[in-house]
Amino acid sequence: MGDVTPRFGNMKALLGLVAGAGASYGIYKLISFKRNKKNATGENLGVKGSQQSEVKIQPGSLLARVSGLDVICPRPADTASGDIIHQSPDNLEPQHLKMLLSCLQTSNNPSDRCRILLTLGNSAAFTVNQNLIREFEGIHIIAGFLSDPAPEVRVQTLNALNNLCMNIQNQEQIKVYVPQVLELIEMSPVNSDLQLGALRLLTNLSVTDKHQHLLKESVTLLLSLLVVSNEALQVQTLKVLVNLSSNPDMMDDIVQAQAPASVVLLFDERTAPAVLLRLLTFAGNLKAWRPSAQVADELRRKQDCLFRVMLDESSQLHGRLVQLLSHPDGEIQAQVARILT
């Protein structure tokens with residue numbers, strides 16, 4: 001880590017951070033194929049030797065917003081007693097991020113790891129910190145906790161990566177963890193925070209077409225999750241599917257993916273409007289795709305593919321769309337009309 005601030009004797013001397021923020025999922029296998037100031041007064045807070053000094057957070061500072069409790073920082077023995085680490089009102093200072101990353105790697109307490117990841121994730125809402133964390137090799141350090149034995153740590157890891165993923169340069173490092181994120185979706189309990197966090201990360205990573213090809217094998221998994229999950233998971237799953245289907249280069253992979261026939265049953269007035277609107281956007285993207293006669297014939301021979309389920313003449317989708325023309329939501333009516341015309 002280079003010039004990382006000296007490590008703490010124990011986690012209690014690290015940080016006071018605010019935590020905030022069924023059966024394993026197997027449907028995919030079944031359906032498919034398997035601080036810092038004390039008012040910056042210069043007051044002497046230093047303690048000689050191995051003792052530590054408590055550094056208060058300046059009210060209104062970023063650290064106050066992303067943490068919420070006092071930060072406990074060790075004082076290097078050679079630090080001038082009157083010297084206080086100053087907290088920028090705009091962002092955590094680099095030494096704070098180094099400190100957090102260092103302690104994350106040495107913590108044996110899942111609760112502490114969660115709190116550190118929470119603070120790193122919240123700090124990554126700011127571009128300057130997104131860049132600093134990448135420069136400190138923090139993305140790979142954080143992503144290492146995707147396999148942490150504690151589910152709550154994996155959730156906070158996904159949340160931190162989600163904010164870091166808002167940075168294009170960071171995406172180049174985060175993309176290598178896509179297979180691991182997909183595995184978390186597949187193996188985690190249905191409707192869990194783990195699945196939701198993983199889907200949010202994939203949503204951000206698939207906003208542009210640069211990394212969408214990494215998800216071409218995941219369409220069956222996403223469609224399978226769509227038919228068994230709750231509204232929140234359905235919305236997030238459809239955000240990914242809409243992103244992918246907006247890219248014409250992805251369409252061949254999407255329509256060939258195996259799909260549960262029950263996905264068509266979601267085109268119903270009893271489906272939550274937030275889900276139905278995104279489902280219609282996804283269907284509209286599919287309908288805009290025009291295969292050649294030869295490709296269409298080949299797809300018709302794939303019994304369970306999405307083409308057969310939603311696009312073929314034998315699909316129930318058309319009849320269900322007609323019924324939705326009388327939906328009480330005007331925006332849903334308009335979307336259906338666009339698809340049908």
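Guide: This is a predicted model. Start with a crossing: helix α12 and helix α14 cross in a left-handed sense. Here α12 covers residues 231–245, and its axis comes within 9 Å of the α14 axis. The crossing angle is roughly 20°. Angles under 35 degrees count as roughly parallel, so α12 and α14 are roughly parallel to each other.

Now the residues. On the α12 side, E231, Q234, V235, L238, K239, L241, V242 and S245 make the contact. From α14 come A274, V275, R278, L279, T281, F282 and N285. By class, this contact of α12 with α14 divides into 8 nonpolar, 4 polar and 3 charged residues.

The spacing in such lists has a simple background. An α-helix has 3.6 residues a turn, so residues three or four places apart point the same way.

Helix α14, residues 273–287, also packs against helix α18, residues 330–340. The angle is about 15°, and the axes lie 10 Å apart. That makes α14 roughly parallel to α18. The crossing of α14 and α18 is left-handed. For this contact α14 supplies P273, L276, L277, L280, T281, A283, G284 and K287. Helix α18 answers with E331, I332, Q335, V336 and I339. The classes in the contact of α14 with α18 are 8 nonpolar, 3 polar and 2 charged.

Conventions: Residues numbered from 1 in each chain as written. Predicted model: local features only at pLDDT ≥ 70, side-chain atom pairs only at ≥ 80, totals over all residues. Heavy atoms only, no water. Axes fitted to C-alpha atoms, helices over the stretch in contact; angles between N-to-C directions. Helix = DSSP H or I, 4+ residues; strand = E, 2+ residues; numbered from the N terminus. Parallel < 35°, antiparallel > 145°, perpendicular 65-115°, else oblique. Left-handed = near helix turned anticlockwise from the far one by under 90°. Contact = heavy atoms within 4.5 Å. Nonpolar A, V, L, I, M, F, W, Y, C, P; charged D, E, K, R; others polar.
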